[in-house]
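Grab the model and work through a few exercises with me. Each one sets a task, then walks through a solution step by step.

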Protein chains: 4
Amino acid sequence: MQMGLIGLGKMGGNMRERIRRAGHEVIGYDRNPQVSDVASLQELVEKLEPPRIVWVMVPAGEPTRATVRELAGLLTEGDLVIDGGNSKYTDDQPNADLLAQTGVGYVDCGVSGGIWGLENGYGLMCGGSDEHVEKAMWIFDALRPEGPRDEGFVHAGKVGAGHYTKMVHNGIEYGLMHAYAEGYELLEAKDIVTDVHGAFKAWTRGTVVRSWLLDLMVKALEEKPNLEGISEYTTDSGEGRWTLEDAIELAVPMPVLAAALFARFGSRQENSPSMQAVAALRGQFGGHEVMQ
Amino acid sequence: MQMGLIGLGKMGGNMRERIRRAGHEVIGYDRNPQVSDVASLQELVEKLEPPRIVWVMVPAGEPTRATVRELAGLLTEGDLVIDGGNSKYTDDQPNADLLAQTGVGYVDCGVSGGIWGLENGYGLMCGGSDEHVEKAMWIFDALRPEGPRDEGFVHAGKVGAGHYTKMVHNGIEYGLMHAYAEGYELLEAKDIVTDVHGAFKAWTRGTVVRSWLLDLMVKALEEKPNLEGISEYTTDSGEGRWTLEDAIELAVPMPVLAAALFARFGSRQENSPSMQAVAALRGQFGGHEVMQ
Amino acid sequence: MQMGLIGLGKMGGNMRERIRRAGHEVIGYDRNPQVSDVASLQELVEKLEPPRIVWVMVPAGEPTRATVRELAGLLTEGDLVIDGGNSKYTDDQPNADLLAQTGVGYVDCGVSGGIWGLENGYGLMCGGSDEHVEKAMWIFDALRPEGPRDEGFVHAGKVGAGHYTKMVHNGIEYGLMHAYAEGYELLEAKDIVTDVHGAFKAWTRGTVVRSWLLDLMVKALEEKPNLEGISEYTTDSGEGRWTLEDAIELAVPMPVLAAALFARFGSRQENSPSMQAVAALRGQFGGHEVMQ
Amino acid sequence: MQMGLIGLGKMGGNMRERIRRAGHEVIGYDRNPQVSDVASLQELVEKLEPPRIVWVMVPAGEPTRATVRELAGLLTEGDLVIDGGNSKYTDDQPNADLLAQTGVGYVDCGVSGGIWGLENGYGLMCGGSDEHVEKAMWIFDALRPEGPRDEGFVHAGKVGAGHYTKMVHNGIEYGLMHAYAEGYELLEAKDIVTDVHGAFKAWTRGTVVRSWLLDLMVKALEEKPNLEGISEYTTDSGEGRWTLEDAIELAVPMPVLAAALFARFGSRQENSPSMQAVAALRGQFGGHEVMQ
């Protein structure tokens with residue numbers, strides 16, 4: 001089988017390799033000529049035999065939207081575009097609509113797995129029509145972990161459902177991480193507990209809280225048993241915010257996600273304006289012990 | 001009428017003055033001989049004609065408990081002790097039980113009003129039997145604001161209910177302050193809003209959010225329009241913690257109080273261990289944009 | 001002075017009356033001919049002498065946007081439109097831009113005060129240029145409470161700042177209400193506290209938590225001392241969601257608002273899917289008491 | 001080696017079996033004569049050769065405290081008691097102090113693993129002196145999963161540290177479960193997502209959120225793809241409350257745990273008093289759209 005792959009960074013490059021290992025032909029395009037198989041998008045499209053499948057693996061937002069627009073001018077009826085990047089799900093329907101004008105199909109696919117994906121396979125969450133998803137199944141099968149298809153792949157729903165599912169996956173991740181983090185802080189704060197690293201390690205087998213994130217936490221504590229020298233400053237890459245925004249839209253209470261997200265916001269403030277206000281209010285009491 | 005008053009600090013001293021202004025006799029005792037009317041607790045008790053009423057206005061915790069223990073050895077059947085300090089409500093029943101062994105009554109009374117209480121009257125919340133509360137009503141009437149009794153006084157329930165009601169009052173206060181504080185931070189963060197102080201001031205009349213705390217916020221912003229130089233560092237005096245502990249005990253969800261209390265905890269941390277843990281976890285991903 | 005006023009519902013009708021009482025001429029237009037002074041928007045504009053001021057007081061969203069579009073076709077250079085409705089602030093700049101194409105000015109104005117505004121005046125929060133706000137100051141002075149201008153009026157910033165400030169006002173209101181509500185629930189849950197209504201009433205004078213909302217709470221408890229028969233079901237009108245969305249956008253932690261908003265979401269669920277999931281997870285343990 | 005084991009319920013019975021399989025002698029005592037090896041605690045103690053080790057595996061609280069008191073009267077210098085139940089950590093030091101009066105040692109041990117522990121081994125978290133923990137290491141080695149000792153066992157610190165670590169483990173579990181639950185609710189609420197069960201299943205391999213709890217969630221959704229018929233009603237067994245109480249005591253912000261715990265409280269309310277209060281307040285506005 002044959003496909004095109006746009007974007008050959010860490011993710012895209014490894015994915016090309018994994019699909020090739022599965023015995024398929026992948027023609028890759030990247031702005032960086034050193035890794036690109038072709039000189040231009042146009043050349044990529046010309047080299048693919050119709051009906052073509054082109055996988056887009058470029059940064060989310062305008063770069064992805066621009067690539068889709070360009071593809072809309074190059075591809076022809078019966079072709080298929082897959083956006084495998086971290087796009088916000090609200091980009092998907094407009095992309096699909098644009099491509100549909102010339103009879104080109106569209107599937108959005110959230111991809112999880114990172115640097116270990118090359119060897120272990122990638123977790124895949126797709127959105128689109130049955131027909132379009134089916135057409136690309138040989139690619140999904142090449143990319144996902146070996147074993148039962150449904151343990152590493154889902155056709156979650158309509159266009160957008162793939163990126164949406166990946167977004168929620170990341171929103172859950174915020175809460176999981178903060179749950180472990182709170183437990184870490186409490187154990188550290190307790191005088192009678194002297195081996196916090198050991199406690200986390202002892203949880204890795206047989207307990208209810210065992211997980212891949214716990215394994216990572218143990219690794220982090222192996223390197224720095226008290227996380228010494230690590231700053232609290234933590235960025236957020238957007239999926240947590242998007243998830244919470246959609247929760248608000250759909251009237252779904254997500255207090256755990258909100259708490260985890262707000263804690264990241266707070267970690268980046270040197271002097272919380274909210275707490276300045278509280279401090280100022282208490283000052284106005286004239287000393288609250290006097291005042292009330 | 002005649003009463004004894006133990007503890008003549010800022011609160012106790014002003015209360016003695018206000019009760020005297022109402023035409024009653026107050027014999028005050030304080031460890032500081034410069035403000036005390038008598039030399040010892042024993043002398044205080046001797047000078048009071050039975051049945052005696054003794055108001056305790058000393059620091060909460062062991063000082064109050066010790067005073068009650070001492071009074072239990074001095075007072076006699078038919079006397080009455082009122083604890084007007086900031087005691088935790090769990091101290092009240094033991095105090096009442098101890099005094100009841102010799103037939104001495106007990107009322108707990110949460111007092112609000114601070115430095116303005118002398119002129120404006122104190123908000124009073126009492127717990128105890130009808131008989132005991134009734135016996136001291138002339139004191140409550142002298143202390144509370146003028147006007148209808150029920151706008152500044154409540155007999156909230158059994159022994160402990162007075163301090164409990166005052167504790168919840170303070171718990172609510174945490175939430176109110178933080179609600180204003182969050183609004184302040186958001187207005188400050190918004191580029192199109194240029195007069196945050198003016199916005200708060202414009203709310204002081206006619207709006208839904210007007211309150212005494214809002215007035216204090218306006219005053220604070222008058223002094224420092226951007227709260228410049230004010231540290232986020234904010235202590236807590238215990239009532240917020242007690243309130244949340246009891247909410248846990250009674251299975252009452254109090255997310256607003258919890259958020260306000262946790263924000264205070266956070267304001268005192270230079271480097272949040274929780275967020276260090278989150279940052280460390282993200283580091284283990286090998287750069288999360290790579291990893292997932 | 002003379003002005004036009006579009007929308008003569010409860011709010012608009014009362015505002016027309018209050019401005020007239022201040023000695024000004026108000027020509028009102030409403031789709032309901034029984035309250036309208038003119039038959040059409042066009043007639044309204046024709047009756048006003050340039051430079052005209054037209055105040056829009058119609059439902060937020062498409063009705064307001066449509067009215068502004070229509071006005072853009074009728075008004076001429078030097079005229080001024082004021083949107084006094086509950087529009088989302090993101091509508092303001094597009095409205096202003098549209099009107100600016102023909103030299104018409106724009107001011108957004110959040111209005112607080114409701115049914116009591118007619119007698120007591122309205123709290124006003126404006127956004128726009130100094131020139132435009134100044135031009136309409138005689139209207140603001142007629143509408144706001146008597147007394148110092150800055151206690152009921154603010155020119156908060158650029159176009160949009162008026163509605164933004166009103167939005168934050170409402171966001172704060174969510175938190176304030178929930179803080180009192182939590183205190184109410186805890187007092188109700190505590191066996192030793194028997195007079196919850198009395199406790200709230202006793203707080204109305206002299207205490208730190210006194211406010212207009214507290215007065216309303218006392219009134220509600222006077223009618224139903226245990227809120228008997230009142231459903232927990234609570235809607236939300238949008239401003240709380242908008243406020244939280246902007247907090248996410250600006251990375252401002254607002255845990256109190258989030259808690260209050262999520263509690264409203266939850267109040268409308270008969271069976272929380274989240275808690276179904278937790279219950280199901282616990283069931284999978286095989287009975288958690290067995291499992292861990 | 002030889003030991004006594006008190007309490008032969010599901011946990012205790014399986015533990016006896018696992019230790020015996022490791023080649024040791026276990027004399028078990030239970031009030032139920034059908035499972036007990038001896039007729040009384042006294043007979044148990046008599047049959048053990050000094051220095052004795054007695055493992056207590058009875059319900060937490062008074063049953064455990066009573067058993068320890070009885071053992072204090074039966075055991076002699078050099079013996080050792082291990083409390084492997086779900087005791088609150090605050091029980092441990094008093095237990096240790098009592099036993100120390102007659103020279104008997106004490107170790108507290110949190111045990112995780114439930115019904116699968118017999119085959120897979122139990123996760124163990126211990127508190128006590130090095131000497132006492134060392135003395136019982138052969139039992140811990142028999143009970144814990146095979147493999148490296150530190151992946152299923154920790155000597156976490158002083159007396160109480162074992163139960164404390166287990167308590168925090170359970171507190172973390174609350175947050176983890178609620179994070180998944182929120183994600184489930186959001187996916188269910190989103191119209192474009194049609195295969196929520198499939199999404200969770202696809203996460204089980206290769207993703208960041210994979211865990212044992214996720215596996216359980218997939219199992220629950222396999223049985224009931226929309227959790228149909230499952231009530232939101234969820235109890236809590238105490239460890240979550242204890243964890244939050246200690247967080248308050250130590251000024252550790254734990255918003256995720258608090259959110260998860262409050263959601264359980266809320267799941268058991270038919271009509272939230274807090275939300276009744278909010279609804280009543282809004283009613284007092286006279287219809288909030290009118291009022292503000």
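**Exercise 1. Find out where the salt bridge between Arg205(B) and Glu151(C) sits and what it joins.**

Step 1: check the distance. The side chains of Arg205(B) and Glu151(C) form a salt bridge, 3.0 Å from N to O; the term covers a side-chain nitrogen of Lys or Arg within 4 Å of a carboxyl oxygen of Asp or Glu.

Step 2: Arg205(B) is in the loop between helix H9 (196-202) and helix H10 (212-223) of chain B, while Glu151(C) is in the loop between helix H7 (137-143) and strand S7 (153-157) of chain C, so the pair joins two chains. Helices (H or I, at least four residues) and strands (E, at least two) are DSSP runs, numbered from the N terminus.

Step 3: look at accessibility. Arg205(B) is partly exposed at 25% relative accessibility, and Glu151(C) is partly exposed at 23%. The scale here is buried under 20% relative accessible area, exposed over 50%, and partly exposed in between (1.4 Å probe, protein chains only).

A word on the ground rules: this is a predicted model, where local features need pLDDT of at least 70 and side-chain atom pairs count only at pLDDT 80 or more, while totals for chains, interfaces and linings use all residues. Residues are numbered from 1 along each chain as its sequence is written, chains are lettered from A and ligands numbered from 1 in the order in which they are written, and side-chain values use heavy atoms, with hydrogens and water left out.

**Exercise 2. Compare two salt bridges inside chain B: Glu62(B) with Arg65(B), and Lys88(B) with Glu245(B).**

Step 1: take the pair within a helix. Glu62(B) and Arg65(B) meet at 3.3 Å, N to O. They are three residues apart in helix H3 (residues 62-74) of chain B, so about one helical turn separates them. Glu62(B) is partly exposed, with a relative accessible area of 38%, and Arg65(B) is partly exposed too, at 29%.

Step 2: take the pair between elements. The closest N and O atoms of Lys88(B) and Glu245(B) are 3.4 Å apart. Lys88(B) is in the loop between strand S4 (80-83) and helix H4 (92-100) of chain B, and Glu245(B) is in helix H11 (residues 239-249), so this bridge ties together parts 157 residues apart in sequence. Lys88(B) counts as partly exposed at 27%, as does Glu245(B) at 22%.

Step 3: zoom out. Over all chains, the count comes to 76 salt bridges.

**Exercise 3. Describe how chain A meets chain D.**

Step 1: count contacts and area. Contact (heavy atoms within 4.5 Å) links 70 residues of chain A with 70 residues of chain D. The buried area is about 6,000 Å², and carbon and sulfur atoms give 68% of that; buried area is the accessible area (1.4 Å probe) that two parts lose on being put together, summed over both.

Step 2: ask whether the surface is shared. 100% of the interface residues of chain A are also interface residues in chain D, so the copies meet through the same surface.

Step 3: One of the salt bridges in the model pairs Asp246(D) with Lys190(A) at 3.1 Å, N to O. H8(A) gives the largest share of the side of chain A that touches chain D, with 18 residues.

**Exercise 4. Work out what surrounds Gln2(B).**

Step 1: Gln2(B) is in strand S1 (residues 2-6) of chain B.

Step 2: follow the side chain. The side chain of Gln2(B) reaches the backbone oxygen of Lys47(B) at 3.4 Å, and one of its polar atoms lies 3.0 Å from the backbone nitrogen of Glu49(B).

Step 3: Leaving out residues up to four places away in sequence, Gln2(B) touches Glu25(B), Ile27(B), Lys47(B), Leu48(B), Glu49(B) and Trp138(B).

Definitions and conventions: A polar contact is a pair of N or O atoms within 3.5 Å; within protein, one must be able to donate a hydrogen and the other to accept it, and residues adjacent in sequence count only if both atoms are side-chain atoms.
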